[in-house]
Structure formats: structure tokens, C-alpha cells
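Me: I would like to learn how to read this model feature by feature. Please give me the general idea each time, then the case here.

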Amino acid sequence: MARKSNSDSGDAAANPGRLKQIALTYKMTRRSDPKVGLVIAGVGIVVFGALLGIGFLIGHPVYLGILGFLLAFLAMAIIFGRRAERAAFGQMEGQPGAAAAVLQNIGRGWTTTPAVAMNRSQDVIHRAVGRPGIVLVAEGNPNRLKSLLAAEKKRMARIVVDTPVHDIVVGDGEGQVPLKKVRTTMLKLPRVLSAAQVTAVNDRLRAMGDLMSNMPIPKGPMPKGMRMPRGGKLR
């Protein structure tokens, strides 16, 4: 009995959290998409009304009404999810690190390392490793990113020789990929590596290190009055 009551209380505590998250997502979406509520309600009414009407025509309004309610709820959830995703991309677009946020939610089978390369102008390259190989996702000035991508590919070539390397430049210009299409573009890449090969590539790249792990920052709090010299090493 005690275990059952504990599980019930845990579910009760989790449900308000989910509802609060949905409410916050709706508010965020409504700021950039004021008609989202009307669209969702309209989709639900149309789907439910259509199936209920069919139910009256064939003489089974109860069964079709229940089915219509379930399908209407599903359609509303799908439309809400798509418009919320579109609103989130709209708010992230143009912000530093937006591509890294997309890569972190790309799904299973991918290992993401943000900011593996960066220059003084804050053009940055993120790395994702999956079945298609290595994908370098760059955001910043396209002209400066060419040299930054070339340097990163050259650095990796010594470690992963036979692994395919793809590069994606985030943007709306020619040859670039919009932020909202980065995930779908990566998922459409052909899968050429096995799971064991992906693990091996990740281990090699991890041994090589990246920008964050190679930064010469000491562990623990920095003493007061200590400054970071131009060379990047603490004295």
C-alpha cells in the first residue's frame, strides 16, 4: 500500500509539471504566432464535426463521435507541436549558439560536441557524429567559415581518415541551410557507418580533444585580482 501511495503521489507531482510546461510552450508560441489558439481550435472542430457527421449518415454517431474526439485531439496536438517548433526556431534564429541547441535535440544515435572550433569574430563550428559520419555545422560569416571549416577538417584528417565528413553552413543564403532545416538535412544523409564504427570515431575524436577541453582554464575558482594574459595561459 505504501508503494502504491508513493507512486500515485509521484504521478500527481509529475502531471502538474507537464501541464505547466505545455502552458509555457503555448505562451511562448502565442507571442510570435497570435492565431495559434484559433488554428488549433478550428482543426479540432473540423475533424470532430466531420467524423460526427459521417456517424449520423451511417447510423453510428456514438462510435464515430468518440473516434472523432480522439482524432481531433491528435490533430490538435500535431498542429500545436509544429507551430510551437516553428516559433522556437524563429526566436532562436540569428542568436549565437542556435545551431548547437538544434543539434542537442537531433535524436538518438548522434553525439554532439558544441563549439569545437571558433575564431575571434565568434564564428563557430559544432560537431555531430552519427551513422552518416561526421557533420560539421557552422554558424557565422560564410566567408570566414570557409577557412575555419578547412582547418577543422585538416585537424580531423589525421585521426579519422576513412570517415565521411559533411559540412553544413547555417543561414538563408545560397548553399546554406536554414536553421529549421538543419535537423531534417542531417537525418537525410546516407548511413554508411555501423554502430561500432560510430563509437570508434567518437573515441578518436574525444582523444583529440576540442576547443572547450583544450582551454587552459584552471580548476576551481579564480583568485581575485588574477587576469588572463593575451597568450591564454595563466601566470
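Me: Start with the hairpin of S1 and S2. Which residue takes a positive phi there?
Reply: Gln122 does, near 65 degrees, in a hairpin with five residues between the strands. Terms first: helices (H or I, at least four residues) and strands (E, at least two) are DSSP runs, numbered from the N terminus. Bear in mind that this is a predicted model, where local features need pLDDT of at least 70, side-chain atom pairs count only at pLDDT 80 or more, and totals for chains, interfaces and linings use all residues. Residues are numbered from 1 along each chain as its sequence is written, and side-chain values use heavy atoms, with hydrogens and water left out.

Me: Is Gln122 buried or exposed?
Reply: Buried means under 20% relative accessible area, exposed over 50%, and partly exposed in between (1.4 Å probe, protein chains only). Gln122 sits in the loop between S1 and S2. Its relative accessible area is 62%, so Gln122 is exposed.

Me: What is the phi of Ala115?
Reply: It is near 55 degrees, a positive value in a residue other than glycine. Ala115 belongs to strand S1. Its relative accessibility is 5%, so Ala115 counts as buried.

Me: How do S1 and S2 run, and how many bridges join them?
Reply: Strands of a sheet pair through backbone hydrogen bonds, either parallel or antiparallel. Two strands are taken as paired if DSSP finds at least two bridges between them. S1 (residues 111-118) and S2 (residues 124-130) run antiparallel, joined by five bridges. Thr113 stands opposite Arg127 in S2.

Me: What is the strand order of the sheet?
Reply: The order is S1-S2-S3-S4, in an open sheet of four strands with mixed pairing. S1 and strand S4 (165-169) each have a single partner strand, so one side of each is left without a neighbour in the sheet. Neighbouring strands are turned by 25 degrees against each other on average, direction ignored. Axes here are lines fitted to C-alpha atoms, for helices over the stretch in contact, and angles run from 0 to 180 degrees between N-to-C directions.

Me: Do S3 and S4 run parallel or antiparallel?
Reply: Parallel, with five bridges between them. Ala138 stands opposite Val169 in S4.

Me: Which helices pack on the sheet?
Reply: Contact means heavy atoms within 4.5 Å. H5 packs on the sheet and touches S1, S2, S3 and S4; its direction makes about 155 degrees with that of S3. H7 also packs on the sheet, touching S1, S2 and S3, and its direction makes about 145 degrees with that of S2.

Me: Which residues have the most contacts inside the largest nonpolar core?
Reply: A nonpolar core is a set of buried Ala, Val, Leu, Ile, Met, Phe, Trp, Tyr and Cys residues joined through side-chain atoms within 4.5 Å. The largest has 18 residues, and Ile125, Ile134, Met156 and Leu205 have the most contacts inside it. S1, S2, strand S3 (133-139), helix H5 (142-157) and helix H7 (195-208) each supply at least two residues of this core. Apart from it lies another core, of 16 residues, among them Ala98, Val102, Val170 and Val177.

Me: What does Ile125 touch?
Reply: Leave aside neighbours within four places in sequence. The contacts of Ile125 then include Ala115, Leu136, Leu148 and Glu152.

Me: How is the length of helix H2 checked?
Reply: The expected span is 1.5 Å times one less than the number of residues. H2 (residues 36-58) has 23 residues and should span 33 Å; its end C-alpha atoms are 34 Å apart, which agrees. Gly59 follows H2 and has a positive phi, near 85 degrees.

Me: Which residues of H2 are buried?
Reply: An α-helix has 3.6 residues a turn, so residues three or four places apart point the same way. In H2 the buried residues are Val36, Ile40, Gly44, Leu51 and Gly55. Ile40 has a relative accessible area of 10%. Not counting residues up to four places away in sequence, Ile40 touches Met76 and Phe80.

Me: Finally, what is the pattern along the chain?
Reply: It reads α-α-α-α-β-β-β-α-β-α-α-α. That comes to eight helices and four strands. Of the 235 residues, 30% count as buried.
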